[in-house]
Amino acid sequence: MKKHLFLMLIMAVGCCAMATAQTRTAIRINEVMVENTPEGIADEYGAHHAWIELFNSNFAPIEISSIYITNDKNNPKKYPVPLGDVNTRMPKRQHVLFFADGEPNKGTFHTNFTLVP
């Protein structure tokens, strides 16, 4: 009986550890393009603004709404990724681009700050 209880406890701890391993800490800044030329990546409006690419290093999808992106270490919560957008569910091992154009009214993936070379 004690052996079964011990095995169940070990399995429960393992499941909890696996569940917490799939967290937002797996989000990485993969690339930053400050000078986006016309040959570079355009946003959905055809503009070539600076961008920040995030990568989900998990083997599971992650919800990235309510994370923060910033260009100022003194203001770490400068751009909160909005809640309620279906596109903020980042697939496993995939990338997401945020355009640093200072125009957050253009959508979720447009920050309220710019990147200056």
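Predicted model: local features only at pLDDT ≥ 70, side-chain atom pairs only at ≥ 80, totals over all residues.
Figure 1. Phe 55 is found in strand S2. The C-alpha atoms of Phe 55 and Asn 30 are separated by 5.7 Å, although the two residues are 25 residues apart along the chain. With neighbours within four places in sequence left aside, the contacts of Phe 55 include Ala 26, Ile 27, Arg 28 and Asn 30. Met 90, Arg 93, Gln 94 and His 95 are also in contact with Phe 55.

**Figure 2. Glu 53, a buried acidic side chain without a salt bridge.** Glu 53 lies in strand S2, which spans residues 51–56. Glu 53 is buried and has no salt bridge. Side chains of opposite charge can pair when their charged atoms come close. The side chain of Glu 53 does make a polar contact of 2.5 Å with the side chain of Asn 30. Beyond neighbours within four places in sequence, Glu 53 is in contact with Arg 28, Ile 29, Asn 30 and Glu 31, and also with His 95, Val 96 and Leu 97.

**Figure 3. Leu 54 and the largest nonpolar core.** In soluble globular proteins, nonpolar side chains tend to be buried together. The largest nonpolar core here has 18 residues. Leu 54, Ile 64, Ile 69, Phe 98 and Phe 113 have the most contacts inside this core. S2 and strand S7 (95–99) each supply at least two residues of the core. Outside the four places on either side in sequence, the contacts of Leu 54 include Ile 27, Ile 29, Ile 67, Ile 69, Met 90, Val 96 and Phe 98. Arg 28, Asn 30, Gln 94 and His 95 are also among the contacts of Leu 54.

**Figure 4. The salt bridge between Lys 106 and Glu 103.** A search of the whole structure finds 1 salt bridge. Lys 106 forms a salt bridge with Glu 103, and the closest N and O atoms are 2.7 Å apart. Lys 106 is partly exposed, with a relative accessible area of 23%. Glu 103 is likewise partly exposed, at 28%.

Figure 5. Most residues other than glycine have a negative phi. Ser 66 is not a glycine, yet has a positive phi of about 75°. Ser 66 is found in the loop between strand S3 (62–63) and strand S4 (68–69), and counts as partly exposed at 31% relative accessibility. Arg 93 also has a positive phi, near 55°. Arg 93 lies in the loop between strand S6 (89–90) and S7, and counts as partly exposed at 36% relative accessibility.

**Figure 6. The chain as context for the close-ups.** The chain has 1 helix and 7 strands, in the pattern α-β-β-β-β-β-β-β along the sequence. Buried residues make up 28% of the 117 residues. Among contacts between residues at least 6 apart in sequence, 59% join residues at least 24 apart. The accessible surface of the chain comes to about 7800 Å², and 62% of this surface belongs to carbon and sulfur atoms.

Conventions: Residues numbered from 1 in each chain as written. Heavy atoms only, no water. Helix = DSSP H or I, 4+ residues; strand = E, 2+ residues; numbered from the N terminus. Buried < 20%, exposed > 50% of the residue type's maximum accessible area, 1.4 Å probe, protein only. Lys, Arg positive; Asp, Glu negative; His and termini not counted. Salt bridge = Lys/Arg side-chain N within 4 Å of Asp/Glu carboxyl O. Polar contact = N/O pair within 3.5 Å; in protein donor to acceptor, adjacent residues only side chain to side chain. Contact = heavy atoms within 4.5 Å. Core = buried A, V, L, I, M, F, W, Y, C linked by side-chain atoms within 4.5 Å. Areas by Shrake-Rupley, 256 points an atom, 1.4 Å probe, with all protein chains shown as cover.
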